[in-house]
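Subject: Structure for you to look at

Hello,

Here is the structure I said I would pass on. My notes on it follow below.

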Amino acid sequence: MTLTQTRPRRTFTRRPAVFEGFVRREGTELVDGTGTVVRLRGVGLGNWLLPEGYMWKFGPGAESPREIEALFARLIGSAAAERFWHEFRDHFISERDIAEIAAAGFDHIRLPINARIVQDESGVPIEAGYRLIDRLIEWCRSHRLWVLLDLHGAPGGQTGTNIDDSPNGKPELFMADEYRTRTIELWRELARRYRDETVVLGYDLLNEPLPNEWQHRYADELAGLYRDLTRAIREIDPDHLIMYEGTHWATNWSIFTDVFDENSALQFHKYWSPPDVASIAPFLETRDRLQLPIYMGEGGEHNPEWLYAAFRLYEAHGIGWNLWPWKKIDTRTSPASVVPPAGWDDLIAAIDGTELDGPTALRILHELIQAVDIERCERHDDVLAAIFADLPMVIPAWGYGFDGPGRSYEASGTPSVSRLRAGDTVALRYAHDVEHPVNPFEFHPGTPFRPDELIVADLGAGEWLEFETARSTDQFAYTAVGPDGSPVPAVIDRTERGLRVTAMKPLALAWLAFEGTDYPLVAFDHGDA
């Protein structure tokens, strides 16, 4: 099964950014320069300025940028590898990508930056790296997208994992004064360069700092660094929005006990967890307590069913969001997928020492540079349709709206699926009486849920569920189906907010399926999930 583009390309409603003034905080909302509330919808440019091994299908030995760079240098030589990276950055994200992102309906991009791209080991700015950022900003100005600057890999590393390019697998940003000083100076330099630039949405100070055991050991140091970074930026730039992420993959917000800056927002990330209110309750509580806007700055990497439900959850609670990422190699979960060149598996095997001669490796990498052009990528409009709820090809029964009884549902059942919408009176249950996973929403690489993960809603006659969709979504394009994929006796009506499914008689609803969808509703091969 593939999710390649099999129909004419979809069109989506554009959401052009407004550059007259700065995006800023106003209470718990973000507003643009005209004072209009902004509900952000964006996408992340992962793998461009900070390559991550999983986006190349690489495993241990070639997961961090340093490791990937070392692999290519070993295979083709340092000079050729340096040329490769120059050409890769020119092709992986081009103006055509930015034009397509704007046409897809996004209003901003989140730009992950590796410190080594813009700052050398002595702390001196690298102009070639800043030229890449400047070029991107100009493209985004032309195509009306804001740019959120995200320090994804701080000097020394803020996570101690491969995603931040830490030199020794530790969060040495919090261990060595040298790295702390360089990080502060890096943000001073970013503020100096972009303080007057309204295309820049704001400053995302550190991506996913201090995961796992580090979240407890250096929490106070992170809060102190946030305060020092804020002071350093505000000495130069009084206007741009500042974003702060929590520890442990941005999910632990215990450090946010007070407001670091009046023009700020808090950011969380969300992957592979139940898409319900309980899963974001700590973030909502912090928003209410501190009266700050909150933002889902990174999430995705799942199948269309989870994407539909999770992104409806954010929008129902007034939370802007950013899909991760725009493009990677051989994927079903991003809007664009790079088709790997012939011999890519041989290059992967070379990570573990399998012999691959230099000319062959050079040919493979040269062909990859051509393959990453957006015009050559496979396109997954199903991903866009799911996150925008604009004619999504499949809507899961458990993804009904989040506005409570009388608005999002009218039912009198009791849910029996642990950790999923426990406060609602909709009878959600597993479709099959087998052993079920602890978390049925773990990572799926774009593939459907397995039978042991399938969740249905039991509805009595006259009971209904309402699913939020874009206005372009036509009720006549959908069929209500049960766990075996067959139609069930229900009526689908168009409402102001979406599609309402009313049971004609007792039934088990599993999905709303778009006419002619080629997406398998259940993955029967356990290995596919």
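Helices (H or I, at least four residues) and strands (E, at least two) are DSSP runs, numbered from the N terminus. By that naming, Pro-325 sits in the loop between strand S10 (320-324) and S11.

Two points on how to read the rest. This is a predicted model, in which local features need pLDDT of at least 70, side-chain atom pairs count only at pLDDT 80 or more, and totals for chains, interfaces and linings use all residues. Residues are numbered from 1 along each chain as its sequence is written, and side-chain values use heavy atoms, with hydrogens and water left out.

Backbone

The peptide bond from Trp-324 to Pro-325 is cis, with omega near -25°. Two residues also have a phi worth a look. His-248, in helix H9 (residues 247-250), is not a glycine but has a positive phi, near 50°. Asp-330 is not a glycine either, and its phi is positive at about 50°; this residue is in the loop between S11 and strand S12 (336-338). For background, most residues other than glycine have a negative phi, and most peptide bonds are trans.

His-248 is partly exposed, because its relative accessible area is 23%. Asp-330 also counts as partly exposed, since its relative accessibility is 42%.

Salt bridges

A salt bridge here is a side-chain nitrogen of Lys or Arg within 4 Å of a carboxyl oxygen of Asp or Glu. That rule gives 42 salt bridges.

Where do the partners of Arg-110 and Glu-245 lie in the chain? Their closest N and O atoms are 3.1 Å apart in a salt bridge, and the pair links distant parts of the chain, with Arg-110 in strand S4 (residues 108-114) and Glu-245 in strand S7 (residues 241-245), 135 residues apart. Arg-110 counts as buried because its relative accessibility is 0%. Glu-245 is buried too, with a relative accessible area of 0%.

Arg-110 forms a salt bridge with Glu-298 as well, where the closest N and O atoms are 2.9 Å apart. This pair again connects distant parts of the chain: Glu-298 is in strand S9 (residues 294-300), 188 residues from Arg-110 in strand S4. Both Arg-110 and Glu-298 are buried. Arg-110, Glu-245 and Glu-298 are among the members of a network of salt bridges that also includes Asp-150 and Asp-204.

Another pair is Glu-301 and Lys-328, a salt bridge with its closest N and O atoms 2.8 Å apart. Glu-301 lies in the loop between S9 and helix H11 (304-316) and Lys-328 in strand S11 (residues 327-329), so the pair ties together parts that are 27 residues apart in sequence. Glu-301 counts as buried at 4% relative accessibility, and Lys-328 counts as buried at 6%.

Surface charge

Asp-330 comes up again here: together with Asp-345, Asp-346 and Glu-378 it forms a patch of negative charge on the surface. Patches are made of residues with over 30% relative accessible area and no salt bridge, with like charges joined within 9 Å and nonpolar side chains (Val, Leu, Ile, Met, Phe, Trp, Tyr) within 5 Å. Lys and Arg count as positive and Asp and Glu as negative, while His and the chain ends are not counted. The place of a charge is NZ of Lys, CZ of Arg, CG of Asp or CD of Glu. Accessible areas come from the Shrake-Rupley method with a 1.4 Å probe, and for residues only the protein chains shown count as cover. Asp-346 is in helix H12 (residues 344-349) and is partly exposed, with a relative accessible area of 45%.

Domains and contacts

The domain assignment gives domain 1 (39-241 + 324-381) and domain 2 (389-514); such bounds come from an automatic or database domain assignment. The C-alpha centres of the two domains lie 37 Å apart.

Ala-80, in helix H2 (residues 78-92), is buried at 12% relative accessibility. Ala-80 and Leu-362 are 282 residues apart in sequence, and their C-alpha atoms are 8.1 Å apart in space.

Met-504 is in the loop between strand S21 (498-503) and strand S22 (507-509) and is exposed, with a relative accessible area of 53%. Its C-alpha atom is separated by 8.9 Å from that of Val-488, 16 residues away along the chain.

Regards

How values were computed:
Buried means under 20% relative accessible area, exposed over 50%, partly exposed in between (1.4 Å probe, protein chains only).
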